[in-house]
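Subject: The structure we talked about

Hi,

Here is the structure I promised to pass on. Have a look at it first, then read my notes below with the viewer open.

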Amino acid sequence: MAFLNHFTTAYLKSFQGDRLNKQLFFILRALHKSASSEALRISAAGEEAIPQKLITPADVGEKPSFKTLKEMPGPSTLSNLIEFFWRDGFSRIHEIQMEHRQKYGKIFKSRFGPQLVVSIADRDLVAQVLRAERMAPQRANMESWKEYRDMRGRSTGLISAEGEEWLKMRSVLRQLVMRPRDVAVFSDDVNKVVDDLIKRVCILRTQASDGATVLNMNDLFFKYAMEGVAAILYECRLGCLENNIPQETQDYISALHLMFSSFKTTMYAGAIPKWLRPVIPKPWEEFCHSWDGLFKFSLIHVDKRLAEIKAQLEQGEEVKGGLLTHMLITKEMSLEEIYANVTEMLLAGVDTTSFTLSWASYLLARHPHIQQKIFTEVTRTLGPGTVATADDVPRLPLIRGLVKETLRLFPVLPGNGRITQDDLVVGGYFIPKGTQLALCHYSTSLEEETFADALDFQPDRWIRKDSTDRVDNFGSIPFGYGIRSCIGRRIAELEMHLALIRLIQRFHIGVSPLSTDVKAKTHGLLCPAAPIHLQFIEREN
Ligand code: HEM
């Protein structure tokens with residue numbers, strides 16, 4: 001989901017902010033106040049209803065004490081250019097976030113040509129911005145995504161849609177997958193994919209010279225995540241974990257790799273102005289080519305299910321099914337909207353989940369004592385050999401802590417974006433409506449004030465001691481927050497929890513001598529900078 005990274009949005013929107021003066025701010029605020037006093041945000045499962053809070057002059061004191069964007073510190077355009085284009089800053093976005101936080105403080109600005117981005121690297125300020133969101137928050141300018149869809153006559157999906165269009169689709173989808181109990185029904189489907197994951201681990205380790213090592217875990221988890229999410233979205237199996245992967249699945253994987261491996265290329269597709277495309281055609285061509293591949297795959301699977309449903313109805317049979325069947329039968333979304341949403345969800349759901357699983361198993365391997373503690377919890381709670389379902393997960397707080405802690409240390413999306421829909425005062429600065437914000441989740445999740453010994457891997461820090469003890473959420477919000485947060489969160493958690501439980505039940509996971517100390521790099525998402533090789537040693541039950 002390279003699109004979510006704040007630096008990728010840098011080119012997207014021209015900034016008009018510094019011009020607004022403080023007097024105008026008071027007039028605008030007064031208008032906003034009357035319009036929004038009773039506004040409540042949509043209440044959704046897992047999306048708390050929060051009274052909309054706009055920043056008013058009263059909030060900032062009778063005498064305005066806020067500063068303008070001109071006064072905000074930050075790196076110069078030139079140093080940014082050098083950092084990104086000469087020093088390959090694109091692969092160190094998470095580190096640059098930390099460096100800038102250190103150097104410029106909780107809030108700073110960066111300029112990328114005409115685009116100004118305000119970065120917010122503080123838990124409480126991030127909370128303030130997200131709590132003040134309106135009904136349909138905007139993440140970034142999605143012009144290039146929309147242009148492709150218009151060109152091909154396709155609809156936008158949740159990621160690329162905005163405003164009313166987005167709100168309509170979101171209200172359909174959130175009813176289907178936002179609550180843990182909505183996705184619990186997919187436990188059996190996901191467990192079948194976990195069966196295949198375990199079989200694959202067994203095959204791969206027997207092929208290794210030591211009979212234990214699986215090389216490049218992310219390759220395996222990529223296939224697992226794709227198979228898992230497709231089992232839920234398309235209600236079918238793709239064969240990713242088989243010895244011979246079917247051609248159409250392979251074509252899809254290539255399209256997906258093209259979208260991400262050429263991260264810079266796809267980023268430039270949006271950055272390069274249309275008039276320059278005849279001179280530099282490759283980025284836009286590759287961008288369109290990978291989208292063609294992704295849509296083609298969804299069309300095949302959605303159309304197949306649609307044909308099955310029609311045949312069943314013609315036979316007078318009762319139609320039963322999962323998510324896709326529900327969407328096709330209820331027709332709350334048009335067929336084009338269904339194509340677009342399953343395409344975007346599959347795109348969003350594979351690398352995110354597989355990187356997190358790779359990091360989680362790497363961390364387990366690096367911390368055998370913690371792994372043993374989790375193994376003990378799992379065996380004591382479930383008993384030997386039990387295949388866990390979603391209903392068991394609440395009784396396994398360390399498994400949940402493992403995933404949360406992994407995402408705190410390695411948030412797949414190290415930064416997220418928002419375009420302000422109101423004028424705001426944040427951290428003492430006046431930020432005009434329409435400003436691109438970058439929420440620096442990587443840096444907030446490593447803040448000592450929120451997480452003691454922040455660099456240490458401690459899954460048990462997420463276990464509540466009593467009902468009053470709340471681990472502060474805004475320090476680490478890997479799935480985002482509020483109405484525009486990750487729609488696939490519960491699906492991802494189900495896939496990760498069930499896979500990790502079974503791997504821990506069956507194997508002791510160790511670091512292979514072939515794997516050195518693996519660091520993170522940013523490649524759109526935060527991913528391992530080197531392949532992770534792990535040993536899987538069968539446990540004796
Ligand atoms: C570890 C796994 C995952 C992580 C860490 C993750 C993280 C995120 C984040 C941070 C956002 C942006 C939220 C915001 O702007 O506030 C997001 C959006 C989104 N994610 Fe995920 N995600 C994961 C897995 C998935 C899966 C499995 C799916 C689909 C099945 C999915 C589908 C989406 C979609 C469609 C959006 C856009 C939502 C909207 O704009 O309404 N994600 N995700």
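Before anything else, keep in mind that this is a predicted model.

**The four-strand sheet**

In what order do the strands of the open sheet of four strands come? The order is β1-β2-β7-β4, and the pairing is mixed. You can trace the mix yourself. Strand β2 (residues 115–120) runs parallel to β7, and four bridges join the two. On the other hand, strand β4 (residues 416–419) pairs with β7 in the antiparallel sense, also over four bridges. As a bit of background, strands in a sheet pair through backbone hydrogen bonds, and they can do so in a parallel or an antiparallel way.

Which strands stand at the edges? Those are β1 (107–112) and β4; each has a single partner strand, so one side of each is left without a neighbour in the sheet. If you look at how neighbouring strands of this sheet sit against each other, they are turned by 30 degrees on average, ignoring direction.

Now zoom in on β7. Leu 439 in this strand is the bridge partner of Ile 120, and Leu 439 is also the bridge partner of Asn 416. Arg 418 stands opposite Leu 437 in β7. Are the residues on the two faces of β7 (residues 436–439) buried or exposed? They are buried: Gln 436 and Ala 438 cover one side, Leu 437 and Leu 439 the other, and all four are buried.

Strand β3 (residues 213–214) runs antiparallel to β11, with two bridges between them; look for Thr 213, whose bridge partner in β11 is Gln 535. Strand β8 (residues 507–511) is antiparallel to β11 too, and here five bridges join the strands. For a landmark, find Ile 509 and its bridge partner Phe 536.

**The nonpolar core**

How many residues does the largest nonpolar core have? It has 129, and the ones with the most contacts inside it are Ile 120, Val 129, Val 229, Leu 233, Ile 399, Ala 499 and Leu 500. Helix α14 (residues 335–366) gives the most to this core, namely 16 residues.

Leaving out residues up to four places away in sequence, Ile 399 touches Ile 374, Val 378, Val 393, His 497, Leu 500 and Ile 501. Leu 500 is itself on the list of residues with the most contacts inside the core.

**Around the ligand**

There are 28 residues around the ligand, and Gly 349, Thr 352, Gly 480, Cys 486 and Gly 488 come nearest. Which helix gives the most to this shell? It is α14, with seven residues. Both α14 and α18 supply at least two residues each.

Cys 486 is found in the loop between α17 (441–444) and α18 (489–506). Why does Cys 486 count as buried? Because 24 other C-beta atoms lie within 10 Å of its own, and 20 or more is what buried takes. Setting aside neighbours within four places in sequence, Cys 486 is in contact with Phe 479 and Gly 480.

Most residues other than glycine have a negative phi. Asp 88 has a positive phi of about 50 degrees although it is not a glycine. Asp 88 is in the loop between α2 (77–86) and α3 (93–104), and it is exposed, with 11 other C-beta atoms within 10 Å. Lys 331 also has a positive phi, near 55 degrees. Its place is in the loop between α13 (323–330) and α14, and with 9 C-beta neighbours inside 10 Å, Lys 331 counts as exposed.

Last one: Thr 206 lies in helix α8 (residues 187–207). Thr 206 counts as exposed because it has 9 C-beta neighbours inside 10 Å. How far apart are Thr 206 and Glu 447? In sequence they are 241 residues apart, and in space 43 Å, C-alpha to C-alpha.

Technical notes. Residues numbered from 1 in each chain as written. Predicted model: local features only at pLDDT ≥ 70, side-chain atom pairs only at ≥ 80, totals over all residues. Core = buried A, V, L, I, M, F, W, Y, C linked by C-beta atoms within 7 Å. Buried ≥ 20, exposed ≤ 12 C-beta atoms within 10 Å, placed from the backbone. Contact = placed C-beta atoms within 7 Å. Pairing = 2+ DSSP bridges. Axes fitted to C-alpha atoms, helices over the stretch in contact; angles between N-to-C directions. Near = placed C-beta within 6 Å.
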